[in-house]
Amino acid sequence: MPSLLILNGPNLNLLGLRQPEVYGSVTLSDIEEVCQARASALGFDMTFFQSNHEGLLVDAIHDARGTHDGIALNAGAFTHTSIALMDAITSVELPCVEVHLSNIHAREEFRHRSYIAPVALGQICGFGAQSYLLAIDALASHLGQL
Ligand code: DQA
């Protein structure tokens, strides 16, 4: 069975509490629950990992090689700073969809730049928790499962 990794970066463990006017009131575990349901419907195994530490996210991307068939990545603020995450995605040669709850292009200028976008299949942002489901569908379509 094909397998996807849903990877979340810094501060996303605080979803539900953190700036609900920007990110909504759903928690990360709520999001994981709906992602799991979508994955099962599409015939995917799904693994979730969240870390506030850049190196642990790099390790998770490395470990995905040979284990998972695609990655949905919300790198949080590391999106706008991390060449290490960009290089990790390039290195493992797995399809990656960049995900954001908020529309990063409608926010502060520093959020408009993404180091993930150039190495991702594409970017989905601005749809709240639904962004994750759209990313799963995009990966499923890319992998021929949809
Ligand atoms: C975010 C957008 C980032 O700019 C921000 O730093 C986050 C969350 C989003 O999902 O909208 O932590 O990735």
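Me: Which residues surround the ligand?
Reply: The model is predicted. In it, the shell around the ligand is R18, Y23, N74, G76, A77, H80, H100, L101, S102, I104, R107 and R111.

Me: How does that shell divide into nonpolar, polar and charged?
Reply: Four residues are nonpolar, five are polar and three are charged.

Me: What sits across from the ligand oxygens? Start with the side chain of H80.
Reply: An N or O atom in the H80 side chain is 2.7 Å from a ligand oxygen. For the N74 side chain, an N or O atom is 2.8 Å from an oxygen of the ligand. A77 uses its backbone: an N or O atom there lies 3.2 Å from a ligand oxygen.

Me: How much of the ligand's accessible area does the protein cover?
Reply: 99% of the 320 Å² that the ligand has on its own.

Me: New topic. At what angle do helix 2 and helix 5 pack?
Reply: About 25°, with the axes 10 Å apart. Helix 2 spans residues 28-42 and helix 5 spans residues 130-142.

Me: Roughly parallel or roughly antiparallel?
Reply: Helix 2 is roughly parallel to helix 5, because their angle is under 35 degrees.

Me: Is the crossing left-handed or right-handed?
Reply: Helix 2 and helix 5 cross right-handed.

Key. Residues numbered from 1 in each chain as written. Predicted model: local features only at pLDDT ≥ 70, side-chain atom pairs only at ≥ 80, totals over all residues. Heavy atoms only, no water. Near = heavy atom within 4 Å. Polar contact = N/O pair within 3.5 Å; in protein donor to acceptor, adjacent residues only side chain to side chain. Areas by Shrake-Rupley, 256 points an atom, 1.4 Å probe, with all protein chains shown as cover. Nonpolar A, V, L, I, M, F, W, Y, C, P; charged D, E, K, R; others polar. Axes fitted to C-alpha atoms, helices over the stretch in contact; angles between N-to-C directions. Helix = DSSP H or I, 4+ residues; strand = E, 2+ residues; numbered from the N terminus. Parallel < 35°, antiparallel > 145°, perpendicular 65-115°, else oblique. Left-handed = near helix turned anticlockwise from the far one by under 90°.
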